[in-house]
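Keep the structure open beside you as you read.

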Amino acid sequence: QPLPREDSEPATSTSSLNGSKTNKSALLYLLVYPKFLALKIGVTAESSTPNQIAEEQQIGWTVLKTWKFEIRSAAEELESHVLARWRTELYTEITTSAEEILSGDESRTVSMHKISVKETLDFIDESIEFYFTHHVPK
């Protein structure tokens, strides 16, 4: 199956959520390493230095999609939700088999043999829509 192109979209609008100084905006990202058929999810500060996503790209990861959150804890909550789904609903183990590609946190990396890229992207998008439909005051 062809991989989705790199994409980025806001997960929230700045008018609906405003981060505090301790909870600034962040990016949730989904990366792929085609050679090892691996997916990685993570959260990074939008303006972090050094840039976490750039560091991952230097060792061979490709960005599938990023989502901008005005509040970092919302991105971290969704990351945890995806990891829990990978472990429980899809009954897959977080992989450490391709050690060459891991840059330190293998607990966020999973094999694409058991995980569909499209289903993961859809799950994240649907979770964002559900979260902000039910948790953000109008």
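Two aromatic pairs are found in the structure; rings of Phe, Tyr and Trp (its six-membered ring) pair if their centres lie within 6.5 Å, with planes under 30 degrees apart counted as stacked, over 60 as edge-to-face and the rest as tilted. Y33 and F36 make a tilted pair, 5.2 Å centre to centre with 45° between the planes. The rings of Y33 and W61 have planes at 90° and centres 5.4 Å apart, so this pair is edge-to-face. Because Y33 sits in strand β2 and W61 in the loop between α1 (52-58) and β4 (62-69), the pair ties together parts that are 28 residues apart in sequence. Together, Y33, F36 and W61 form one aromatic cluster.

How buried are these rings? Here, buried means under 20% relative accessible area, exposed over 50%, and partly exposed in between (1.4 Å probe, protein chains only). W61 is buried at 3%, Y33 is buried at 12%, and F36 is partly exposed at 27%.

Next comes L37, in the loop between β2 (26-33) and β3 (38-45); helices (H or I, at least four residues) and strands (E, at least two) are DSSP runs, numbered from the N terminus. L37 has a positive phi of about 50° although it is not a glycine, and L37 is partly exposed, with a relative accessible area of 33%.

A word on the source: this is a predicted model, where local features need pLDDT of at least 70, side-chain atom pairs count only at pLDDT 80 or more, and totals for chains, interfaces and linings use all residues. Residues are numbered from 1 along each chain as its sequence is written, and side-chain values use heavy atoms, leaving out hydrogens and water.
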